[in-house]
Structures are given as C-alpha cells and as structure tokens.
Amino acid sequence: MGPSSLVPAFDLAETSVPLLALSLSGIAAGDAFEVEKFVEACKTDGGFYLDLDEVSNRESGTRHHPLFSMAEEIFQVASEVFAMPLQEKSRWEMDQWGDLQIGGYKPAGKHSGVCRGKRDGFENFLVPLNAIFDINPNPNPRHPQWPSPLSLRLDLIKEFETSCQRIALLLLSTLSNILIPPPNIPFQHLHREGQPSTTSLAILRYLPSASRASDQVGHMAHTDVGSLTLIFASSAGLQVFRPSTSSWVSVPPRPGSIFVNVGDSLRFMSGKRLTSCLHRVVPNTGLSGAVAERYSLAFFQRPELSARFVDSDGREWISEDWHRAKYKIFRADNNEQTSTSLLTGKKGFLGEWQG
Ligand SMILES: O=C(O)CCC(=O)C(=O)O
Ligand SMILES: [Fe+2]
C-alpha cells in the first residue's frame, strides 16, 4: 500500500450530517440511552456537542451554564492580553516552559498552517493547571508572574479550569464504567487531582486578515495529545474529519453547547476502541473575502505525566514522552509530518484545506 492510497478518496468541506449533540445532565444521571450515544460518538467521530445548559436549568433556574459567561469574560481578558506588543508577549514564549512547553505564549506562524506551504494563523496563551495550583514542576521559573491582564483574572481562570476538569472527569468515569472492566485501571485513576500532568487551558486568537490569501492561515489538521478536550469558540471555523465518510464536518458553535473531543492518550488507554478526533480550523471568511478574527478556549485534559499506554504501533509510552513527541511533530516541516502517523493518526495524510 503506497502513501497515496492512505489519502481519502474525497475531501468535502462540509457534509449535511452534523455531529451528535449529547446532554451533560443525561450522562451525569446515567441515562442509558444518552450514555450509549456518548460512547458511540467517542467510538465513531471521536467528537460531539455537549449541551451544558440543562444542568443549570434544573439546579439554579438560570438559562446558561456559568461556564459560558466565564468563557465570555476570558475572551475579554484574551483581547487585552493579545493586544500587548509582540515583544512583550514574547517574554512568555512557551519554549521557556521547560521541555514540555505546557505554558506560555505561541506567536502566529510558529507551526505549519491548514493550507500547504503556509504557516498557522493563530496566537495562543497556555495556562497549565499545574502552575495555577502550585503543583510541581514549576513550569516557568523565569516569569512566575503572568502578564497583568491574566494575573488580574487568575481566579476566573482557576474556576474555569476546575469546572472543565470536573466535567471531563465525569465523562471519563462514565466511559470507564462501560469500557474498562475491573481489575483494569479506570481512566479517572490516571487523572488524579493534585498529580503533575500537562493539563492546560489554551486561549487562542485567530488573526483577522483582509483576504484569505494571507500566508498565515488557520490551524493544521491534528489529533490532540491528551484525553478529552473541551472547546468554547466565538465563531465557526472548526472542522472534524469523519472516518466513516472520509469527509470534513463543520462544527460551528451551538448555543448552550461546547464541543468535546477524544485525544490520543484516551484512544490508547481505551485499547484503541475510541477514536482520536482529527480536526482543523479553517478561515472564517465573510462575503467580502476578508477573514474574521476568532477566539476559542480549549481545555486540554491530559493524563498524569507517568501514565502508561500503548500506541497504534504497539509501542509503550509514558504520557510525558508522548506529549514531547507530539509537540515536536507540531513544529516539524510537512515532510517530517507526513513521514509518521503522529500528527494526524494517518501516515502520509496532512488533511490540508484546499480553500
Ligand atoms: O480553535 C479551535 O476551535 C480548536 C483548537 C485546537 O484544536 C487546538 O488548539 O488543539
Ligand atoms: Fe486540537
């Protein structure tokens, strides 16, 4: 089988069948139908919408889950942080955060983009759970203080990450109950509170541009490193690769819902029964052809540094080393990226957007 046969036969920008929408309260209550849909979504697309709102409707009568207003506030903080001069933001460059690069600033253009030959079109700030809860190792001894817009709102970010982690743990234990018969180790036991991990919140800003011909575009196709990712987005652009039809499905924000996807570590811990969701972000283009600015928050729940799992090729990893290998491939050139299955789960497939 040559590399070209690994490339899907077609690559539609959008299909008419959207991703499944699940209810957090249904899953939390152990509703058999909802739990079955949830496990199925993790096995097939590896990603789904999760409706959070019903929980708060029942508990407090408010319309929206508090995470949505917190996300709005963090978008506001993000606009202040990203408005700082590049030189200032670069004081927090993520390369200074030890070799795990779990925190700090990534300027736009550091990775390859979603179109062949172009660079990425987003900047981001990563705020690791380890750092805000003072769990060792301290990732950035040189700059223990965050830039002031972030340090002023660290309580908000802590509360946001804690809430996201609670939801992600609930989802993990539900999956464990179905997939992991005793005496195997349930997923949540590899994600213990207070244990060092690379769990982190990414605050992303996609740069606006006068046209989509810009040479910094989107976010390349990839699968996430960790266990579960929770995404809050200000606007459309995210797409998911659906293995059953070999096509890309658009995942625009859905009121009251977030998008959740399975990452590599959880796929491996599940004995490859779950799908690591392949996704990318394409430019959000208006009628004029201009690309709109886009903000998103990605909470990356990741296993403890020493968690063990076996990859698709039968090779054993500890979580920390998988993280390093994956970050290295994010930064590699296209030739190196196509030479392994590390980036997209498919050797020879970069999943570029044809525009
Ligand atoms: O911005 C998004 O919607 C997705 C971001 C993402 O996939 C990532 O940072 O890993
Ligand atoms: Fe991602």
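The second largest cavity holds about 130 Å³ of space. Its lining consists of 17 residues, of which Tyr206, Leu207, Gly218, Pro283 and Val291 are the closest to its centre. By class, eight of the lining residues are nonpolar, seven are polar and two are charged. The model is predicted.

**The largest cavity**

- The search of the whole structure finds three cavities of 30 Å³ or more, and the largest cavity has a volume of about 350 Å³.
- The largest cavity is lined by 24 residues, and those closest to its centre are Leu204, His219, His222, Asp224 and Phe300.
- Two or more lining residues come from each of strand 4 (122–128), strand 5 (200–206), strand 6 (219–222), strand 11 (279–281), strand 12 (294–301) and helix 10.
- Strand 12 gives the most to this lining, with four residues.
- The lining of the largest cavity comprises 14 nonpolar, six polar and four charged residues.

**Ligand 1**

- The residues that surround ligand 1 include Leu204, His219, His222, Asp224 and Phe300, which are also the residues closest to the centre of the largest cavity.
- For Arg294, the distance from a polar side-chain atom to an oxygen atom of ligand 1 is 2.9 Å.
- For His219, the corresponding distance to an oxygen atom of ligand 1 is 3.3 Å.

**The largest pocket**

- The largest pocket has a volume of about 460 Å³.
- Its lining is made up of 26 residues, and Ser312, Ser341, Thr344, Gly345 and Lys346 lie nearest its centre.
- Helix 9 and helix 10 (319–331) are the elements that give two or more residues to this lining.
- The lining of the largest pocket has nine nonpolar, eight polar and nine charged residues.

**Two buried residues**

- Gly263 lies in the loop between strand 10 (257–262) and helix 9 (264–269).
- Gly263 counts as buried because its relative accessible area is 0%, under the 20% cut-off.
- Beyond its neighbours within four places in sequence, Gly263 is in contact with Asp224, Gly226, Ser227 and Ser276.
- Glu352 is found in the segment after helix 11 (334–338).
- Glu352 also counts as buried, because its relative accessible area of 15% is under 20%.
- The side chains of Glu352 and Arg116 are joined by a polar contact of 2.7 Å.

Definitions and conventions. Residues numbered from 1 in each chain as written. Chains lettered and ligands numbered in written order. Predicted model: local features only at pLDDT ≥ 70, side-chain atom pairs only at ≥ 80, totals over all residues. Heavy atoms only, no water. Buried < 20%, exposed > 50% of the residue type's maximum accessible area, 1.4 Å probe, protein only. Contact = heavy atoms within 4.5 Å. 1 Å grid on protein atoms, 1.4 Å probe; cavity = no way out; pocket = protein on both sides within 12 Å on 5 of 7 lines; lining within 4 Å. Points joined across faces, edges and corners; volume = space filled by probe spheres on them. Nonpolar A, V, L, I, M, F, W, Y, C, P; charged D, E, K, R; others polar. Near = heavy atom within 4 Å. Polar contact = N/O pair within 3.5 Å; in protein donor to acceptor, adjacent residues only side chain to side chain.
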